[in-house]
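Visitor: Hi, I'm new to this one. Could you walk me through it?
Guide: Happy to, let's bring it up.

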Amino acid sequence: MIEAAKRIAGVEEYYFSTKLRQIAQWQAAGREVINLGIGSPDLPPSAQVVKALNTAAEVAGNHGYQSYQGLPALREAIAGFYLRMYGVNLSSSTEILPLLGSKEGIMYLSQAYLNEGDAVLVPNPGYPAYAAAARMAGAIVVNYSLKAENNYEPDFNEIQDLIKKNPVKLMWINYPHMPTGAAASKELFHAFAHLARKYQFILANDNPYGLLQNSKPLSLLAAGAIEAFPCVELNSLSKSFNMAGWRVGMLCGNAEILKNVLKVKSNVDSGMFKPVQLGAIEALKLDNDWFAELQAEYQTRRAMAQKFFDQLGCRYRLGQEGMFVWAQIPGNWPSGEALVEHLLENDGIFITPGFIFGSEGEKFVRVSLCSTSKTFEYAIEKVKKLDK
């Protein structure tokens, strides 16, 4: 066997990749599985967005390679979206970089800035891609804890101690937080910004859930002068616009950082399909009626997810933002993973174990709101039979 590159030695196949393969095999064999684990929107995009895509796809000249920086009209639409939703004024020419999904941006930023041995602050619990991208760049992952008793906000004294032991090059934050649903605040973003300025590291906020179950969307980019502040923010059309498979994301913020990320990006992809960009422009024009309808549907589903957790005896915080519900398991289960495997094996229901987000998630589980109320009702009926 040929030895794999050392950069992937500490990286495992993504948990959902292996679990979804198992579920697909069971379903192919005729076994019923209710999937409440994955945050892939089941609702369609706006009809006008789909129409824009279809119309553009019929134009012969729209099928060639596109600019690595996206259409100027797309960057302008993103700038308008940020000004309208977050009150942030971005330069469409230098402070916005469209991406093939925001997950791509996590890798590109890491490749653009991290050298072997550099330290990266990663939330625990947090999205696994932050740590994976750091490890593939040869960097050192330094976890900072987010705990329920502190509303999943960090202990800044702990972070400063970590920084003094491991000079930091990059810090990942993610508010509204996934998987816990914890909200951001202006004060919290300003505290992070102060830290980044004091210790001179890149501060990156991953913000794909900012418009879901959230009446006051906030952006890290409002916390300081972007041109002088080493910060960036990832955003996406996947969740808020039901366009996960379209792979439309964006990296916004400090122009110098984006310029270096473009060096990586332009050597990896060949631009975004023009009809997808034109559909994205239509999505970014959608008014508050679109979000109000989406919010109402997710509120209904959230109530059903909470009933599901009530049936299991799990405890959850109210007021969670985003498209998940995060809950603590009952004391009679040794771990979230044990409960998840029991539900899957005995009831054909898949939910997400918290351990995949870090050690602070060991006693937690997560349910996605990307299933109909009818599906939740069926799952609730099934777990009524669960021997707790």
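**A chat about salt bridges and a sheet**

Guide: Let's begin with Glu 360, which is partly exposed, with a relative accessible area of 23%; buried means under 20%, exposed over 50%, and partly exposed in between (1.4 Å probe, protein chains only). This is a predicted model, where local features need pLDDT of at least 70, side-chain atom pairs count only at pLDDT 80 or more, and totals for chains, interfaces and linings use all residues. Residues are numbered from 1 along each chain as its sequence is written, and side-chain values use heavy atoms, leaving out hydrogens and water.

Visitor: Which side chain does Glu 360 meet in a salt bridge?
Guide: That of Lys 147, at 2.8 Å from N to O. A salt bridge here is a side-chain nitrogen of Lys or Arg within 4 Å of a carboxyl oxygen of Asp or Glu. Lys 147 counts as partly exposed, at 34% relative accessibility.

Visitor: And where do Lys 147 and Glu 360 lie?
Guide: Lys 147 is in the loop between E4 and helix H6 (156-165), and Glu 360 is in the loop between strand E12 (352-353) and strand E13 (364-368), so the pair ties together parts that are 213 residues apart in sequence. Those labels are DSSP runs, numbered from the N terminus: helices are H or I with at least four residues, strands are E with at least two.

Visitor: How many salt bridges does the structure hold?
Guide: Ten. One of them joins Lys 265 and Asp 269 at 2.6 Å, N to O.

Visitor: Are Lys 265 and Asp 269 buried or exposed?
Guide: Both Lys 265 and Asp 269 are buried. There is also a network of salt bridges linking Asp 42, Glu 297 and Arg 301.

Visitor: Okay, new topic. What is the strand order in the open sheet?
Guide: Its seven strands go E2-E8-E7-E6-E5-E3-E4, with mixed pairing. Two strands pair if DSSP finds at least two bridges between them. At the edges are strand E2 (96-99) and strand E4 (140-145), each pairing on one side only.

Visitor: How many bridges join E5 to E6?
Guide: Four, between strand E5 (residues 168-173) and strand E6 (residues 202-206), which run parallel. For example, Met 171 has Leu 203 in E6 as its bridge partner.

Visitor: Which strands does helix H5 lie across?
Guide: Helix H5 (residues 128-136) lies across strand E3 (119-124), E4, E5 and E6, and runs at about 160 degrees to E3. Axes are lines fitted to C-alpha atoms, for helices over the stretch in contact (heavy atoms within 4.5 Å), and angles run from 0 to 180 degrees between N-to-C directions.
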